[in-house]
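Good morning, colleagues. Please look at the sequence and the structure on the screen while I speak about salt bridges, pockets and one surface patch.

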Amino acid sequence: MLALLDQLVGGAREHPGDNLVGDLVRAADASGNPLSDAALRDQLMLIIVAGTETTVHSIGTLLVHLLSHPDQLALVTSGQVSMEDALTESLRLRPPIASVPLRFAAWQFEDARSGEQFGEGEPILIHIAGANLDPERYEDPERFDVRREGGSRSLAFGYGPHVCPGAALATREIVIAVTRFLERYPHARLALAPELLEQTASFISNGYTSIAVELS
């Protein structure tokens, strides 16, 4: 993939088109401190991972949640609960990015609540999936409930200055994909229990590598 992206950047350097890659090349060239080809390639790689893999996992995970909870699926297909609300709950319960590596302690400190101590420079892994299951924030946090009282906004799309800039687009993509699937296959059901489905071998990316479904 990196080799293909190198070719893409090289082609855009010679003939920048009216597209994302062309825009990045033009912006890089116009900067007082232009990005190298390697830096441009890495930016494109980040876009592919952050904007594609996460959306794919979110589509699959929402389907698994709905197909394994017929009562919740009925609330959505009947129109009593929106697909957007179901997605919000699905993202809270199983976000497509489980952990964000890696931060480093700027100085030695102790966490007041847990008593954990961190030395200067020590790596810290932020576990989003764990934060979304905080029992002080969510009642019965491991239950999939599309009617969760007060909504279930979580850290799945980040927060504050680090919120995902593609959140609105990703939401539309996921909602449309899952809605169309259920319209086309209204009697679909999982062929395996959710815990038997193959998951990604990663502590960062969080989703299924395949989902066995009986369509009718």
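The side chains of D37 and R13 form a salt bridge, with an N to O distance of 2.7 Å. Please keep in mind that this is a predicted model. D37 belongs to helix 3 and R13 to helix 1, so this pair ties together parts that lie 24 residues apart in sequence.

Is R41 buried or exposed? R41 is buried, with a relative accessible area of 18%, because the cut-off for buried is under 20%.

In total, the structure holds 13 salt bridges. One of them links R143 with D145, where the closest N and O atoms are 2.8 Å apart. In this pair, R143 is partly exposed, with a relative accessible area of 35%, while D145 is buried, at 14%.

I turn now to the pockets. The largest pocket has a volume of about 1100 Å³. Its lining comprises 32 residues, and A50, A156, F157, H162 and C164 are those nearest the centre. Which element gives the most to this lining? It is helix 3, with seven residues. Helix 3 spans 37–67, and strand 1 (99–104) and helix 7 (167–184) likewise each supply at least two lining residues. By class, the lining of the largest pocket consists of 22 nonpolar, eight polar and two charged residues.

The second largest pocket has a volume of about 250 Å³. It is lined by 13 residues, with H65, L93, R94, N206 and Y208 nearest its centre. Seven of the lining residues are nonpolar, three are polar and three are charged.

Finally, the surface. L102, F104, L125 and F203 make a nonpolar patch of about 410 Å². F203 sits in the loop between strand 5 (189–190) and strand 6 (213–214). With a relative accessible area of 51%, F203 counts as exposed, because the cut-off for that class is over 50%.

Notes. Residues are numbered from 1 along each chain as its sequence is written. This is a predicted model: local features need pLDDT of at least 70, side-chain atom pairs count only at pLDDT 80 or more; totals for chains, interfaces and linings use all residues. Side-chain values use heavy atoms; hydrogens and water are left out. Patches are made of residues with over 30% relative accessible area and no salt bridge: like charges are joined within 9 Å, nonpolar side chains (Val, Leu, Ile, Met, Phe, Trp, Tyr) within 5 Å. Accessible areas come from the Shrake-Rupley method with a 1.4 Å probe; for residues, only the protein chains shown count as cover. A salt bridge is a side-chain nitrogen of Lys or Arg within 4 Å of a carboxyl oxygen of Asp or Glu. Helices (H or I, at least four residues) and strands (E, at least two) are DSSP runs, numbered from the N terminus. Buried means under 20% relative accessible area, exposed over 50%, partly exposed in between (1.4 Å probe, protein chains only). On a 1 Å grid over the protein atoms alone, a cavity is a set of points where a 1.4 Å probe fits but cannot get out, and a pocket is an open set with protein on both sides within 12 Å along at least five of seven lines; lining residues have an atom within 4 Å of a point. Grid points are joined across faces, edges and corners, and a volume is the space filled by probe spheres set on the points. Ala, Val, Leu, Ile, Met, Phe, Trp, Tyr, Cys and Pro count as nonpolar, Asp, Glu, Lys and Arg as charged, and the others, Gly among them, as polar.
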